[in-house]
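User: I'm new to this one. Can you walk me through it?

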Amino acid sequence: MDVINAIGRRKSAVARVYLSEGTGKITINKKDITEFFPSAILQYVVKQPLALLGVEGQYDIKVNLNGGGFTGQSQALRLAIARALVKVNAEDKKALKDQGFLTRDSREVERKKPGQPKARAHFQFSKR
């Protein structure tokens with residue numbers, strides 16, 4: 001098996017994944033996953049597609065991650081890993097899709113409007 005690549009996006013985070021056969025090592029921006037995502041919850045989110053299919057120790061994953069915050073990055077990475085696993089074995093698509101791992105969450109931050117403190121919030125109105 002050669003290297004399989006896939007891309008995942010969430011908010012403003014972009015994850016490029018390179019999946020190859022190996023021992024289950026996940027490297028993000030040349031750091032180990034435990035170093036890049038110290039939170040166990042975020043590590044769990046990233047590994048969800050692998051755990052669902054039961055292939056945690058079978059693939060080495062190299063990731064280029066940029067943009068966004070840690071939540072968006074972890075969810076972008078989850079999407080990219082799920083897409084890469086479908087490229088490896090198309091029969092896994094239904095299981096991943098049923099769990100929602102192949103759905104791109106397209107919600108983005110709404111832009112701030114002029115004359116307002118935030119996108120939808122307004123300054124307090126004073127009649128006098």
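User: Which residues are buried in α2?

Analyst: This is a predicted model, where local features need pLDDT of at least 70, side-chain atom pairs count only at pLDDT 80 or more, and totals for chains, interfaces and linings use all residues. Residues are numbered from 1 along each chain as its sequence is written, and side-chain values use heavy atoms, leaving out hydrogens and water. In α2, the buried ones are Leu42, Gln43, Val45, Val46, Gln48, Pro49 and Leu50. Buried is under 20% relative accessible area, exposed over 50%, partly exposed in between (1.4 Å probe, protein chains only). Helices are DSSP runs of H or I, at least four residues; strands are E runs, at least two; both are numbered from the N terminus.

User: What do the buried residues of α2 pack against?

Analyst: β3 (26-28), α1 (33-36), β5 (59-66), α3 (70-88) and α4 (93-98). Contact here means heavy atoms within 4.5 Å.

User: Where is the kink in α2?

Analyst: At lysine 47, shortly before proline 49. The kink is about 55 degrees. That bend is the angle between axes fitted to the seven residues ending there and the seven starting there.

User: And what follows α2?

Analyst: Glycine 54, with a positive phi near 70 degrees.

User: Switching to strands. How many bridges join β1 to β2?

Analyst: 7, and the two strands run antiparallel. Strands pair if DSSP finds at least two bridges between them. Alanine 6 has valine 17 in β2 as its bridge partner.

User: How many bridges join β2 to β5?

Analyst: 8, again antiparallel. Leucine 19 stands opposite isoleucine 61 in β5.

User: Last one. Is lysine 127 buried or exposed?

Analyst: Exposed, with a relative accessible area of 67%. Lysine 127 lies in the segment after α4.
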